[in-house]
Amino acid sequence: MSKKNTYWIITGFLALFTSLLHLIGGQLTVVNPMLESNMLAQSRTEMLGAWHIVTVILFLSSYYFLRFGFGKYEYHPKAFIQLLSFSFIAFGLVFIIVSLTEGPFAPQWIILIPIGILGLVGLKKNITA
């Protein structure tokens, strides 16, 4: 029997907030300046594509965290939640490493790592489902 998981619900809404922040805030502060730069057209196109791949991943992750959080699953989603959670932790670690090696502080890890941790905590609370 599937049951609600408050940790995954919180994680899903945090991931949804991150998705919207990435889509709207990132468009204004990163994407638009990049599109207006001297960067080669091919590079701009590829960077824009990569940017929106991340957008899709963020929205899909929020959907699945919320879906599983509200108990909408036929099988135990342990492996999928682990994949999502460890991915968010890895994404956060990338921003920490890039910040340390490149100089400017990239604060994205502050929201990415908690999404991963909350997903794993929710998994511990849902182990008997």
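Modeller: Helices (H or I, at least four residues) and strands (E, at least two) are DSSP runs, numbered from the N terminus. This is a predicted model, in which local features need pLDDT of at least 70 and side-chain atom pairs count only at pLDDT 80 or more, whereas totals for chains, interfaces and linings use all residues. Residues are numbered from 1 along each chain as its sequence is written, and side-chain values use heavy atoms, with hydrogens and water left out.

Colleague: Which pattern does the chain follow along the sequence?

Modeller: The secondary structure comprises 4 helices and 0 strands. The C-alpha trace spans about 55 × 25 × 20 Å along its principal axes. Read along the sequence, the pattern is α-α-α-α.

Colleague: What share of the contacts with a separation of 6 or more comes from residues 24 or more positions apart?

Modeller: Contact here means heavy atoms within 4.5 Å. Among contacts with a separation of 6 or more, residues 24 or more positions apart account for 73%.

Colleague: Is Trp 8 buried or exposed?

Modeller: Trp 8 is placed in helix H1, which covers residues 6-35. Its contacts beyond four places in sequence include Phe 65, Tyr 73, Ile 81, Leu 118 and Asn 126. The classes are buried (under 20% relative accessible area), exposed (over 50%) and partly exposed (in between), with a 1.4 Å probe and protein chains only. Since its relative accessible area is 0%, Trp 8 is buried.

Colleague: Which residues does Thr 55 contact on the same terms?

Modeller: Thr 55 is found in helix H2 (residues 41-69). With a relative accessible area of 6%, Thr 55 is buried. Leaving aside neighbours within four places in sequence, its contacts are His 22 and Leu 23.

Colleague: Which residues form the nonpolar patch on the surface?

Modeller: Like charges are joined within 9 Å, and nonpolar side chains (Val, Leu, Ile, Met, Phe, Trp, Tyr) within 5 Å. Leu 28, in helix H1, counts as exposed because its relative accessibility is 57%. With about 360 Å² of accessible area together (Shrake-Rupley method, 1.4 Å probe; for residues, only the protein chains shown count as cover), the patch consists of Leu 20, Leu 23, Ile 24 and Leu 28.

Colleague: How far apart are the C-alpha atoms of His 76 and Asn 38?

Modeller: His 76 sits in the loop between H2 and helix H3 (78-102). At 26% relative accessibility, His 76 counts as partly exposed. Asn 38 is 38 residues away along the chain, and the C-alpha separation is 49 Å.

Technical notes. Patches are made of residues with over 30% relative accessible area and no salt bridge: like charges are joined within 9 Å, nonpolar side chains (Val, Leu, Ile, Met, Phe, Trp, Tyr) within 5 Å. A salt bridge is a side-chain nitrogen of Lys or Arg within 4 Å of a carboxyl oxygen of Asp or Glu.
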